[in-house]
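These are my notebook entries on one protein model. I set down what I looked up, in the order in which I looked.

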Amino acid sequence: MAREIKFSLVYRDMWQSSGKFQPRVDQLVRVAPAIIDMGCFDRVETNGGAFEQVNLLYGENPNRSVREWTAPFHKAGIQTHMLERGLNALRMNPVPADVRELMFKVKKAQGTDISRSFCGLNDHRNLKLSVEYAKKAGMISQAALSITNSPVHTVEYYMGLVDKLVEYGADEICLKDMAGIGRPNFLAELTRQIKKKYPEIKVQYHGHSGPGFSPASMLEVARAGADYIDVAVEPLAWGKVHPDVITIREMLRADGFIVKDINMDAYMEVRSLTQEFIDDFLGYWINPSNAHMSSLLVGCGLPGGMMGSMMADLKGFKDAINAAEKSHGQPVSSLDTLMVKLFKEVEYVWPKLGYPPLVTPFSQYVKNTALMNLFSMAQGKPRFSQIDKDTWGMILGKMGKLPGPLAPEIIALAKEKGMEFQTGNPQDNYPNELPKFRQMMKDEGWDCGQDDEELFELAMHERQYRDYRSGVAKERFNKELEEYRAKAGAPIIVTRPVVEVPKFNAEEYAEKYPAAVPVQAPVKGQLIWEYDVEDANKAPRTGSKVSAGKAIGYVQTYYGLEEIMPAVDGRVVAVTGKQGEHVAKGEIVAYIEKV
């Protein structure tokens, strides 16, 4: 009997390739109806991970973003889910238990249905509270296994973790194959064992495209009993992200699975809007290499999402490494040579550090150690001469138990420095802090917000939240965007005065001005009014005169092109929309009475 496979869109995760920014809430709200109209998604990942910080970096309120972004999916009956990092919650370092608990209350109130919780070390102790707090808040708890490929990460290893997560009350299990290096047959066997032992547990597969295994992995986990598959949509599919839904749907349908149809008009709408967001400003932060898959990722096991930041780090270190190479009589390395050296060094370092799954933040710790090793060796110093404090925290057990044993030289180095290893519950190292942050909110004269959501943002991201409240973040973002645009030779953006338009009634104006000629939008996109193309500071008003050859307005298309709208000699008697308002193709945007 044919079995149905359901799809989850990881639209938020698609933007990780930018390394820093994602669409703003106004853009997300615009694309939501088209995602819904595609008709093939039962779930959409809407928030979590870096989403909160990205909004704060824009100088915008992340709470408003989550509420407005999740709302249309709820209305359409599509489940929304978030990604959180267990002990680290929504940031890169450990979070007190009371702040973690508040997070689930806030996110549920904001419209998030499912919490996907993972621990980068696969320490079940770090996930226990996540499962309990999610269920207490009324969310579906989806506990994730951080998938990687190593001698210690066996099916038996992962099943031991699953047993604990189910014991804690997890409703679902996610195979989080963040680097896409899980071997298809291995993932199938793991899925098969989970479904056999816990048939009532839903299994969702999340696999990135980077090294190229993901389509085969998706087929194999589906055959083994998986219930949901995470997919993406072009132009941010494939590369280092996820396979496109069209390919995966056709692959599964050909294998006999029941899959929902795709509304291709809506698919093209999502595709076009995504490209518009890229052209608008996000493309300035996307590393071109993120659009490409690479078999080099098979060996090092690094997640594709961090390739942009890794290459930026490597470029920053290149001059220093080259200078050290020259001073020691070594040949100077090119960027490509350094990249291969870094991948090889990651392969060397990883087992020495106990095989932590290469996922945020531990992938960064391993990469940073490998990079510093390259720098040290270029200077004639031994490996592990420089290890940052966060990496030491991982090594010493402050963030959880490492999957594998540490190398003897790492243990010896720790003892030489007088450091102590920890084996207790990591959460015990981080006492509750909410009362302190409540007092901060009071001292600043700030409201804790609906459902304490503003309090939560301060407690989770204090520095970034303060920058948002002060306006510093918005100034910094705009300055950085201006610099990127200038460097790229992009056209200068002219800010036009906002036109407040009274409520428009087509019948009223047709009756009042029977001789008026309606002007229609030639394309589908963003309406930006401009009375006279020779004077961008003037705004259209009823009673203004226009003549042929002068624009009464224009429409900015999804690809950033501008089409001047046809003008006629006459007097503007009605304007249907305000500056920046979205218009549909053929929609009447103004009436002009001939003179």
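I began with the crossing of H5 and H6, which I recorded as right-handed; a crossing has this hand if the near helix is turned clockwise from the far one by less than a right angle, and is left-handed if anticlockwise. The model is predicted, so I noted that local features need pLDDT of at least 70 and side-chain atom pairs pLDDT 80 or more, while totals for chains, interfaces and linings use all residues. Residues are numbered from 1 along each chain as its sequence is written, and side-chain values use heavy atoms, with hydrogens and water left out.

Entry on H5 and H6. Helices (H or I, at least four residues) and strands (E, at least two) are DSSP runs, numbered from the N terminus. I found H5 at residues 97–109 and H6 at residues 124–136, packed at an angle of about 40° with axes 8 Å apart. That makes H5 oblique to H6, the term for angles that are not under 35 degrees (roughly parallel), over 145 (roughly antiparallel) or 65 to 115 (roughly perpendicular). Axes are lines fitted to C-alpha atoms, for helices over the stretch in contact, and angles run from 0 to 180 degrees between N-to-C directions.

Which residues of H5 meet H6? I listed Ala-97, Arg-100, Glu-101 and Phe-104 on the H5 side, and on the H6 side Asn-126, Leu-129, Ser-130, Tyr-133, Ala-134 and Lys-136. Contact means heavy atoms within 4.5 Å. By class, I recorded five nonpolar, two polar and three charged residues; Ala, Val, Leu, Ile, Met, Phe, Trp, Tyr, Cys and Pro count as nonpolar, Asp, Glu, Lys and Arg as charged, and the others, Gly among them, as polar.

Entry on Asn-122. I located Asn-122 in the loop between strand E4 (114–117) and H6. Its phi is near 60°, a positive value in a residue other than glycine. Is Asn-122 buried or exposed? Asn-122 counts as buried, at 6% relative accessibility; buried means under 20% relative accessible area, exposed over 50%, and partly exposed in between, with a 1.4 Å probe and protein chains only.

Entry on H14. Helix H14 (residues 335–352) has 18 residues and spans 26 Å from its first C-alpha to its last, close to the 26 Å expected at 1.5 Å a residue. The expected span is 1.5 Å times one less than the number of residues. Among its buried residues I noted Leu-338, Phe-343, Glu-345 and Trp-350. Gly-354 follows H14 and has a positive phi, near 90°.

Entry on H14 and H15. The axes of H14 and H15 (residues 362–378) come within 8 Å and cross at roughly 115°. I recorded this crossing as right-handed. In the contact, Leu-342, Glu-345 and Val-349 are among the H14 residues, and Ala-370, Leu-374 and Met-377 are among those of H15. The residues of this contact divide into ten nonpolar, two polar and three charged.

Entry on Ala-324. This residue lies in helix H13 (residues 307–327) and is buried, with a relative accessible area of 8%. I noted that Ala-324 touches Ala-378 and Gln-379, not counting residues up to four places away in sequence. Ala-324 and Phe-375 are 51 residues apart in sequence and 7.9 Å apart in space, C-alpha to C-alpha.

Entry on a cis peptide bond. What joins Glu-234 and Pro-235? A cis peptide bond does, with omega about 5°. I placed Pro-235 in the loop between strand E8 (228–231) and helix H10 (245–254).
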